[in-house]
Amino acid sequence: TNHYHIVRLKDKMGTRSMASGEIRMEGAVAWLVGEQGRGFVQIADMVNNSRLSNGMRSAGMMRRAVAEAEFIARERWAFGRRLQDLPLMQVQLDKLRVPAEQARTMVLQTAQVLTRSDAGDKAAYALLRILTPLIKFRACRDARKVTGDAMEVRGGCGYIEEWADPRLVRDAHLGSIWEGTSNIVALDVKRAIQREGSLPVLQDHLHGLLADTQGITAAYRQALTGALARAVALAERAVAEDGERLVRQAATALYHCTTAIAMAWEARKTGSFERLRLSQLVLAHRVLPRDPLVGGGDGLGIFVRLIGAEGAHQHRAPCPDRIGMLAVHLVELGGSHFPIVAPDGGPGIGVNLLDRALAVIGGILVGVVLGRVLIPQAKPGAAADTEAGGQGQTGQQQLGGGLCHRSLLATKKPC
C-alpha cells in the first residue's frame with residue numbers, strides 16, 4: 001500500500017451523496033504516466049467524457065426541475081384557473097423549458113460526435129473538442145438559474161427540504177465549478193479553435209444540419225445562417241491576441257446558435273411543432289437583439305421580426321394545437337402578419353399582431369393562431385460597433401426598425 005492519510009470527508013454545499021475527501025500524501029510514491037510535460041494531452045479523452053457527463057447531469061437536473069414546476073402549474077389552481085393557464089406562468093415555464101431543452105439537444109449532439117470520435121474520425125475529434133467545453137460552460141451555468149426559478153413555482157414549499165427543489169439548487173452549482181470554472185472552460189473553447197481548428201468544423205457541421213432540415217421557410221433558414229455567421233465572426237475575434245475578454249460571449253453565442261439549429265433539425269425529423277417553437281425562442285431571446293422597453297405583454301415572449309422574402313405571404317390557415325403558444329412570443333409591431341414555419345413546409349401559422357395586443361389587454365395570451373408567421377432574416381456581420389462612431393448597423397437597422405440594439409452577437413456586451 002502507498003503512504004497517504006484520509007484527513008476528513010468534506011462538508012459540501014451539495015452533491016452530498018457523493019463523498020469528497022481531503023487526503024494528505026506523506027512519503028507517497030508516484031510513477032510518471034506518458035511523456036513529461038504532456039499531461040493535458042494524456043487526459044484529454046477523459047476530459048471530453050467528463051465534460052459531457054457534466055452537461056448531461058445539468059440537463060437532467062434542469063429537466064427534473066422543469067417537470068416539478070410543470071406538475072405544480074398543472075395541479076394547482078389560483079383565481080379559478082390552473083396556474084399553467086395564467087399568462088405570467090406560461091411565460092415563466094417557457095423561461096425554464098428553453099435552456100433545459102437546449103442542454104438536452106446539446107448532450108445528444110455531443111454524444112453522437114463522441115461515438116464517431118471514438119471510432120477514429122479525426123474531424124469528429126476536432127468537433128468534439130469544441131462541443132464539450134461549450135456544453136460544460138453554458139449548460140452548467142443555465143442549470144443554476146433554472147433550478148432556482150423552478151423552486152419559485154412551488155412557492156414556500158419549494159424552500160423546504162422535504163421537496164426535491166433545494167437539493168437540485170445546491171447540486172446545480174457544482175457543474176460550473178467542478179473540473180474548470182466558467183472562465184477556464186471558456187478559454188478552452190478558444191484553445192480548441194486555435195489548436196484543433198474546431199471552428200470551421202463546427203460551422204460545417206451546423207451547415208450540414210441546416211441542409212438536412214427541409215420544410216422551414218427561407219426567412220428562418222436565413223435567420224439561423226446569419227446568426228451563425230456572426231457568432232463565428234465573434235469567435236474569430238475572441239481568439240485574436242487582444243480578444244480574450246470576448247471568449248465567454250463568443251462561447252455563449254456558439255452554444256445558442258448550435259442548439260437553435262440542432263433543435264430546428266430535430267423538429268423536422270420528428271415533426272414536432274413544439275421543438276420548432278423552442279428553436280425559435282432560442283434564436284429570438286438568447287441571440288438576436290431585443291428591446292426590454294418594448295411592451296410585449298411578457299418577459300420572454302417577444303418574438304423578433306426580421307425582414308424576409310416571405311414577408312408578403314398572407315395565407316391563412318387554422319393553427320395546429322401546440323402552435324397557439326406562439327401567440328405569446330410575438331412583438332407588437334403594428335398589424336403585420338408574420339410567417340413562422342410548419343415543420344412539414346406547409347402553410348404555417350399566423351397572428352395579426354393588432355389582435356394580439358388586444359388579446360394581451362384582455363388577458364388572453366393563447367388563442368387561435370391563423371395565417372403564416374414571418375421568421376426574420378439576420379444580416380451576417382451586421383453587429384453594431386459603438387466605438388467606431390456608429391459605422392456598423394445597429395440591431396434596430398438590421399431588424400427593420402422599432403427594435404433594440406442589445407444583441408449577444410454585438411460586441412462589447414457581457415455574458
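Analyst: Let me start with a term: contact, or meeting, means heavy atoms within 4.5 Å. Helices (H or I, at least four residues) and strands (E, at least two) are DSSP runs, numbered from the N terminus. This is a predicted model, where local features need pLDDT of at least 70, side-chain atom pairs count only at pLDDT 80 or more, and totals for chains, interfaces and linings use all residues. Residues are numbered from 1 along each chain as its sequence is written, and side-chain values use heavy atoms, with hydrogens and water left out.

User: ok, which residues of α3 meet α4?

Analyst: From α3, C140, A143, R144, T147, G148, A150, M151 and R154 take part, and they meet D165, P166, L168, V169 and A172 in α4.

User: and at what angle do α3 and α4 pack?

Analyst: The angle is about 165 degrees, and the axes are 8 Å apart. That makes α3 roughly antiparallel to α4. Axes are lines fitted to C-alpha atoms, for helices over the stretch in contact, and angles run from 0 to 180 degrees between N-to-C directions. Angles under 35 degrees count as roughly parallel, over 145 as roughly antiparallel, 65 to 115 as roughly perpendicular and the rest as oblique.

User: what about α1 and α4, how do they pack?

Analyst: Helix α1, residues 39-75, packs with helix α4, residues 165-172, at about 155 degrees, with their axes 10 Å apart, and the two are therefore roughly antiparallel. On the α1 side, R57, M61, R64 and A65 meet L168, D171 and A172 of α4.

User: how are α3 and α8 arranged?

Analyst: Helix α3 (residues 122-154) and helix α8 (residues 247-270) have an angle of about 95 degrees between them, with axes 9 Å apart, so they are roughly perpendicular to each other. Residues of α3 including I130, L134 and F137 meet residues of α8, among them A251, L254 and Y255.

User: switching topic, which residues make the nonpolar surface patch?

Analyst: Y4, I6, I23 and M25 make that patch of about 460 Å², and the elements giving two or more residues to the nonpolar patch are β1 (4-9) and β2 (21-25). Like charges are joined within 9 Å, and nonpolar side chains (Val, Leu, Ile, Met, Phe, Trp, Tyr) within 5 Å.

How values were computed:
Patches are made of residues with over 30% relative accessible area and no salt bridge: like charges are joined within 9 Å, nonpolar side chains (Val, Leu, Ile, Met, Phe, Trp, Tyr) within 5 Å. Accessible areas come from the Shrake-Rupley method with a 1.4 Å probe; for residues, only the protein chains shown count as cover. A salt bridge is a side-chain nitrogen of Lys or Arg within 4 Å of a carboxyl oxygen of Asp or Glu.
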